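Good morning. Please have the structure open.

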Amino acid sequence: MFLLIEDNPGDTRLIRERLNEITAAPTCLLCADRLSSGLELLSKGGVDVVLLDLSLPDSKGLETFTTVQAHARELPVIVLTGFDDEELAMKAVQNGAQDYMAKGSVNAHSLIRSVRFAVERNRKMAAAPGAQRAAAPGRILGFVASKGGAGASTVALNTAAILAQLPKTAIALELRSYGGSFAQQTQQNPRAKPAISSRPSK
């Protein structure tokens with residue numbers, strides 16, 4: 001399902017006609033002439049692609065895109081722009097929009113190409129390694145115990161090793177002003193200097 005957020009009736013009719021040219025059956029197209037009504041339709045779900053005009057009665061410029069993006073980060077967004085707004089459209093793409101189109105040059109072929117490109121690009125971005133982890137906040141786990149007592153260092157290292165296998169990025173830190181046990185348990189020597197080969201170069 002497409003969601004078109006566009007306040008110009010002529011442009012709305014043009015996009016609807018071009019979408020209908022792509023498929024034999026009438027395309028399922030939701031239309032909103034305000035950003036607020038577009039966000040309301042987004043909240044109901046069922047939208048697959050957003051076609052967005054950046055200049056609306058209740059929102060203008062890059063803020064229009066960032067507002068839509070904040071409400072639907074998982075959806076591909078294609079920015080619709082006038083010939084004189086290409087620089088603004090490029091900024092939207094740099095900030096996460098999948099593509100942009102000049103409304104005056106939209107035809108069935110360019111529209112379906114842009115939609116396919118946007119959907120595929122959005123899918124690859126979502127499936128990229130670390131994409132979901134980057135969106136999730138990190139957590140800090142603290143292990144506190146008296147020296148030589150409960151084995152907090154061993155528990156911390158084992159926990160880090162388990163988290164790293166999920167997979168998750170895990171960083172283990174030992175906050176001591178004197179020599180710690182992390183280096184011994186991981187068989188590392190933090191004071192060791194890298195070996196320098198004395199073999200003459202050829």
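This is a predicted model: local features need pLDDT of at least 70, side-chain atom pairs count only at pLDDT 80 or more; totals for chains, interfaces and linings use all residues.

Strand β1, residues 2-5, pairs with β3 in the parallel sense over four bridges. β3 also pairs with β6, again parallel and over four bridges. There, Leu 52 has Val 79 in β6 as its bridge partner.

Now β3 itself, residues 49-53. How many of the five residues are buried? Five of the five, so the strand is largely enclosed by the rest of the structure. In a regular strand, side chains alternate between the two faces of the sheet. Here, Val 49, Leu 51 and Asp 53 point one way from β3, while Val 50 and Leu 52 point the other way. Note that Asp 53 is among the buried residues.

Next, helix α4, residues 86-94. Its buried residues are Ala 89, Ala 92 and Val 93. These residues lie on the same side of α4, because the arc they cover around the axis is only 100°. What covers them? The cover includes α3 (62-71), β6 (77-81) and β7 (99-102). So much for the buried side. The face of α4 turned away from it carries Glu 87 and Gln 94, which are exposed.

One backbone detail to finish the helix. Just after α4, Gly 96 takes a positive phi of about 130°.

To link the two parts: β6 pairs with β3, and β6 is also included in what covers the buried residues of α4.

Technical notes. Residues are numbered from 1 along each chain as its sequence is written. Side-chain values use heavy atoms; hydrogens and water are left out. Buried means under 20% relative accessible area, exposed over 50%, partly exposed in between (1.4 Å probe, protein chains only). The arc is that of the directions from the helix axis to the C-beta atoms. Contact means heavy atoms within 4.5 Å. Two strands pair if DSSP finds at least two bridges between them.
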